[in-house]
Amino acid sequence: MLRHLLATVHQGITVMDRHLRIVLVNETACRLLDLPRSLVEQTPGLEEVLRFNALRGEYGPGDPEAQVRERLELARSRDMYDFERERPDGTVLRIQGTPMPDGGFVTIYTDVTEARRQKDAVTEARDLLEERLEERTVELRRGRDLLASTVNAVNDGLVVVDESGRIVLTNNTFDRLFPSERSWTDSGGNIVDVLQRLGPAGLAEALEGLETDPETPSEFRFGARSWYRVSCCRTGDDGTVIYRFADITTFKLQHRALQQHTDKLVKMLRNEQKINEMQREFVSMASHEFRTPLAIIDSNAQRLRRMLDRHVANGANAIDDDAATALTRRLANIRESVDRMQYLINRFLSFTQHQSGALELELKESALRPLVQAVCQRQQGLCTTHVIDMDLDALPETAMIDARLIEQCIANILSNAIKYSAGRDSIRVRGLTENGQAVIRIEDDGVGIPEKEIPKIFNRYFRASTSSGIPGTGIGLHMTDMVVSEHRGKLNVSSEVGRGTVVEIRLPHTAARPANTQSVNEAAP
């Protein structure tokens, strides 16, 4: 009978003697604890069963031996316990231990997984319901207070009437327009009667017309100076209507005068802004672009002075051919730089004088590859800290461009590459032909530009956060982008902070008509 009883109960039962030997385990206990019957029969000691469970991760992460010791100490203490434990498979067991008078111990295991789930679900639902109820209560209270404050804070007069025309709610402005000893809400007066008695002539009749055509407001004079526009709207299907009395006194007084002068003032303002903007742009661009030509002039002038000083110091009476050639070349460089500076000044001065704001280009078939090469060589002559590595073989020989402006654009980007890559020794210039475009790519290994700032670098006066401490005005890239855009080209920039920047000038390319077969092959992209 005992075996039948233990086999039929829905709870697991284990009995240990005072030596912590398992003397009884029913089938339900083996199933709930996932213990093989052979294990219980072969190793009746509690310690072996605990170690079996610990090694298979029954008690969670941790040292299995420490887990065994902890549970053996609990069993030896013979303290009554009642707790719940979740097994690795998700089953939740309620474990109740009761000591026996002879030193043994009885443990009952109950599967409370479904009960725990239902309890958790009920608790979660209750908490959610309480939270939503509290939120709704707070929302209703806030809405009530907000409605009252908002209605009274509105400068316009507001009145709410029900489907029969009875006044339900008014704000302070309406009460001032239509004064009464009693509150209109408490008196429940009819809106038409109130307007007929206290409003200007025709207001009540207009109000009835507004209900059939609410999109057409009406304007009425209140007293000698005040004007109000009356409009209405329905709030829902219950027939409730809100009438609004908007103060348009100032608008009426100023509208006529403003209407007469608005167009003229706007036109004058736009012209003035455009002229001021072009003037500022010219001054900024001119001041920025003076630097490179002046640096070339200064550098060549100093070299000429040193050459003359050495000539005088050597006591020579005449300048030999090599010195004369060098002097001639230096003077030619000076003349070229001065001429380029004058060209830029004249072009941008002409640009600022045009009301359209468009930069007029002098497009013609120009030698593109030699131009890029000359700019790089000139920049290399000024720079002693970097080596400009050129690979221009794939660049078209010619292109339809304004050569002077494109030359300045390339010089700007090269100058930036050198300036913002201090401590590096290489600038790479590559020429390509891609998708019918001539591509001039300039790469450096400098400070780079944060990704989020790249879209802003073409704006006037903008300088990246990584340029702190490096002189600059934020004009060069703006001017370069403007010139390239006028060529119907594109200026692309990619950069990574601390690893450098790549700038691409993409220009539409139309090869020049070849004079013979050989020139065709050379000019083809």
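Gly476, Leu477, His478, Met479, Thr480, Met482, Val483 and Val484 are the buried residues of helix α16, where buried means under 20% relative accessible area, exposed over 50% and partly exposed in between (1.4 Å probe, protein chains only). Because 8 of the 11 residues of α16 (residues 476–486) are buried, this helix is largely enclosed by the rest of the structure. Arginine 488, which follows α16, has a positive phi near 60°.

The model is predicted: local features require pLDDT of at least 70 and side-chain atom pairs count only at pLDDT 80 or more, while totals for chains, interfaces and linings use all residues. Residues are numbered from 1 along each chain as its sequence is written, and side-chain values use heavy atoms, with hydrogens and water left out.

**Overall composition**

The protein has 17 helices and 17 strands; these are DSSP runs numbered from the N terminus, with helices being H or I of at least four residues and strands E of at least two. Of the 525 residues in the protein, 38% are buried. Among contacts with a separation of 6 or more, 52% join residues 24 or more positions apart, a contact being heavy atoms within 4.5 Å.

**Helix packing**

Axes are lines fitted to C-alpha atoms, for helices over the stretch in contact, and angles run from 0 to 180 degrees between N-to-C directions. A crossing is left-handed if the near helix is turned anticlockwise from the far one by less than a right angle, and right-handed if clockwise.

| Helix pair | Angle | Axis separation | Crossing |
|---|---|---|---|
| α14 and α15 | about 40° | 10 Å | right-handed |
| α15 and α16 | about 145° | 9 Å | left-handed |
| α4 and α5 | about 140° | 9 Å | right-handed |

Helix α15 passes α16 in a left-handed crossing. On the α15 side the contact is made by Leu405, Ile406, Gln408, Cys409, Asn412, Ile413 and Asn416, and on the α16 side by Gly476, Leu477, Met479, Thr480 and Val483. The residues of this contact divide into 7 nonpolar, 5 polar and no charged. In this grouping Ala, Val, Leu, Ile, Met, Phe, Trp, Tyr, Cys and Pro count as nonpolar, Asp, Glu, Lys and Arg as charged, and the others, Gly among them, as polar.

Helix α14 (residues 368–382) packs against α15 (residues 403–419) at an angle of about 40°. The pair is therefore oblique, given that angles under 35 degrees count as roughly parallel, over 145 as roughly antiparallel, 65 to 115 as roughly perpendicular and the rest as oblique. From α14 the contact draws on Leu371, Val372, Val375, Cys376, Arg378 and Gln379, and from α15 on Ala403, Ile406, Glu407, Ile410, Ala411, Leu414, Ser415 and Ile418. By type, the residues of the contact of α14 with α15 are 10 nonpolar, 2 polar and 2 charged.

Helices α4 (residues 46–55) and α5 (residues 64–76) have axes 9 Å apart and are oblique to each other. Leu46, Glu47, Leu50, Arg51, Ala54 and Leu55 of α4 meet Pro64, Glu65, Gln67, Val68, Arg71, Leu72 and Ala75 of α5. The contact of α4 with α5 comprises 8 nonpolar, 1 polar and 4 charged residues.

**Cysteines**

The structure holds 0 disulfides, a disulfide being a pair of cysteine sulfur atoms within 2.5 Å. Cysteine 30 is buried at a relative accessible area of 6%, and cysteine 383 is likewise buried at 10%.

**Individual residues**

Leucine 20 is in the loop between β1 (12–16) and β2 (22–25). Its phi is near 60°, a positive value in a residue other than glycine, and leucine 20 counts as buried at 16% relative accessibility. Aspartate 34, in the loop between α2 (27–33) and α3 (37–42), also has a positive phi, near 55°, but is partly exposed at 44% relative accessibility.

Glutamate 86 lies in strand β3 (residues 81–86) and is exposed, with 52% relative accessibility. Residues up to four places away in sequence aside, glutamate 86 touches Thr91 and Val92. Its C-alpha atom is separated by 8.6 Å from that of threonine 113, 27 residues apart along the chain.

Serine 187 belongs to helix α8 (residues 184–187) and is partly exposed, with a relative accessible area of 32%. Serine 187 and isoleucine 167, 20 residues apart in sequence, are 8.3 Å apart in space, C-alpha to C-alpha.
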